[in-house]
Amino acid sequence: MGAEVAFVGRSNAGKSSAINAITQRHGLARTSKTPGRTRLLNFFELGTHQRIVDLPGYGYAKGPEAERLSWQPLIGALKPRASLRGLFMIVDSRRGLTEGDDALLAWAEPPLRIHVLLTKADKLNRSESAKVLRETRAALGDRGTAQLFSVPAKTGVEEAQKLLGAWLDDKVFEERT
């Protein structure tokens, strides 16, 4: 069975870049200048019985509507998996949490854990960064955690790696389920 952590987020938020930076595997998740290229659930094995799941982006994807609707059952099938430890939610720090993000948060009820990566943090000044981090943490309350993240500046990469590793190794979670 093993352990899985899903990576979810709006199209164009930097999900593929975040996956590649956190796993230190350039090209693991394909990046593109065109948002919405991920069309299936992509499972990547990081270690024995340790996987991440790259979900299609939401909100901006350019795929045909029928194809986008076909993603919903795939994503729905992910939720009851006993191996799913939590979600890394990728959010563009310049936009903050949006309606689509709120719907995803509602979908991810406990015991699923949520960690928000506020990507593209290098594009904000210090006060803007502090503000979006404070607002995101307030919106999450006790439902999840958040951090600033930037691939080019390498901000938060090590912190995200440690959290992902902890979730994938979490024996306490296995005992609760």
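1. Let me begin at the end of α1: the residue that follows this helix is Q24, and its phi is positive, near 55°. Please keep in mind that we are looking at a predicted model.

2. Staying with α1, how many of its residues are buried? Eight of the nine are, so the helix is largely enclosed by the rest of the structure. The buried set consists of K15, S16, A18, I19, N20, A21, I22 and T23. You will notice that a lysine, K15, is included in that set.

3. What do these buried residues pack against? Their partners are the strands β1, β2 (42-47), β3 (50-54), β4 and β5, together with the helix α5.

4. N12 is not a glycine, yet its phi is positive, about 75°. Its relative accessibility is 48%, so N12 counts as partly exposed.

5. The other loop residue I would flag is K120, found between β5 (113-119) and α4 (126-140). K120 also has a positive phi without being a glycine, here near 60°. Is K120 buried or exposed? With 19% relative accessibility it counts as buried, because the cut-off for that class is under 20%.

6. Now to the aromatic rings, where a search of the whole structure finds two pairs. In one of them, the ring centres of F7 and F88 are 5.0 Å apart and the planes meet at 35°, so this pair is tilted. It bridges distant parts of the chain, with F7 in strand β1 and F88 in strand β4 (residues 84-92), a separation of 81 residues. F7 and F88 are both buried.

7. F88 also pairs with W167, this time edge-to-face, with 5.4 Å from centre to centre and 85° between the planes. Here too distant parts of the chain are linked: F88 belongs to strand β4 and W167 to helix α5 (residues 157-169), 79 residues apart. W167 is buried, as is F88.

8. Taken together, F7, F88 and W167 make up one aromatic cluster.

Technical notes. Residues numbered from 1 in each chain as written. Predicted model: local features only at pLDDT ≥ 70, side-chain atom pairs only at ≥ 80, totals over all residues. Heavy atoms only, no water. Buried < 20%, exposed > 50% of the residue type's maximum accessible area, 1.4 Å probe, protein only. Helix = DSSP H or I, 4+ residues; strand = E, 2+ residues; numbered from the N terminus. Phe/Tyr/Trp six-rings, centres within 6.5 Å; stacked < 30°, edge-to-face > 60°. Contact = heavy atoms within 4.5 Å.
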